[in-house]
Each structure stands twice: as C-alpha cells, then as structure tokens.
Amino acid sequence: MKSKKTYPSIELANREKYYAALEKVENAQTSISKLIELILERNPLPEFFKPNYEFVVDEDSDLIKLQFEFPDYKEISIPIGTYNNGNTKYASQAAQKETG
C-alpha cells in the first residue's frame, strides 16, 4: 500500500514553488524578457505556434503584444477529446471548417 503525502510535506512543496515563483516575479519587474518568460511558463503556447511568434512591446500603452499567425487548419488534425478506449478523437472536416 502506497503512503499518502502528509500535509506538512505538501505545504513545504507548495511553499517552495511559491518562493520560486515570487523570485521570478520580482526579477520580471525589472526585465521585460523575464516577464515574457514567466508569462510563457505559466501560459504555454501550443506547439504549432512555436517558434513562429514574436513579442512586441508597446511602451506608450504599457502592453506586451504577442503576434502570430494561425495555421491553416485544413491540414491539421485537431484533437477534441478521447474515446472510451483511449484513442484520440479528432474534429470532423465540417468542424475544422468552422474554426478556419
């Protein structure tokens, strides 16, 4: 029988994650590239966008813009779920046309 993690061990692991994230945020406040790195770590882009995107810093409005082109979905199988047997379920051609 596997032993469950105790509350103190879970709390310690979460505290370590918190302090690591806090350090990244504090460093990001002085570096736009660090802020972008933190954003991508917390909100990863789908693989098909990589590396075809760029960040544009708009200093007038204090915004960081992420610019990319969406791929042509006609040639991409879009996973939308899983069948009971574990196989991946893909969007139909009609559903893919609605997204494109």
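The accessible surface of the protein chain amounts to about 9,000 Å², and carbon and sulfur atoms account for 52% of this area. The model is predicted. Of the 100 residues in the chain, 10% count as buried. Among contacts between residues at least 6 apart in sequence, 10% join residues at least 24 apart.

The secondary structure consists of three helices and four strands. Their order along the sequence is α-α-β-β-β-β-α.

Strands β1 and β2, covering residues 53-58 and residues 63-68, pair in the antiparallel sense over six bridges. Four residues lie between the two strands of the hairpin, and Asp 62 adopts a positive phi near 55°. In a regular strand, side chains alternate between the two faces of the sheet.

Side chains of opposite charge can pair when their charged atoms come close. A search of the whole structure returned two salt bridges. One of the two links Lys 65 with Asp 58, with 3.6 Å between the closest N and O atoms. Lys 65 has a relative accessible area of 36% and is therefore partly exposed. Asp 58, at 21% relative accessibility, also falls in the partly exposed class, because buried residues are those under 20%.

The other salt bridge is formed by Glu 11 and Arg 15, whose closest N and O atoms are 3.0 Å apart. Both residues belong to helix α1, which spans residues 7-28.

A pair of aromatic rings is described by the distance of the centres and the angle of the planes. The structure contains one aromatic pair. This pair is made by Tyr 18 and Tyr 19, with a centre-to-centre distance of 5.1 Å and an angle of 70° between the planes. The arrangement of Tyr 18 and Tyr 19 is classed as edge-to-face, because the angle criterion for that class is over 60 degrees. Tyr 18 has a relative accessible area of 49% and is partly exposed, since the exposed class requires over 50%.

Conventions:
Residues numbered from 1 in each chain as written. Predicted model: local features only at pLDDT ≥ 70, side-chain atom pairs only at ≥ 80, totals over all residues. Heavy atoms only, no water. Buried < 20%, exposed > 50% of the residue type's maximum accessible area, 1.4 Å probe, protein only. Contact = heavy atoms within 4.5 Å. Areas by Shrake-Rupley, 256 points an atom, 1.4 Å probe, with all protein chains shown as cover. Phe/Tyr/Trp six-rings, centres within 6.5 Å; stacked < 30°, edge-to-face > 60°. Pairing = 2+ DSSP bridges. Salt bridge = Lys/Arg side-chain N within 4 Å of Asp/Glu carboxyl O.
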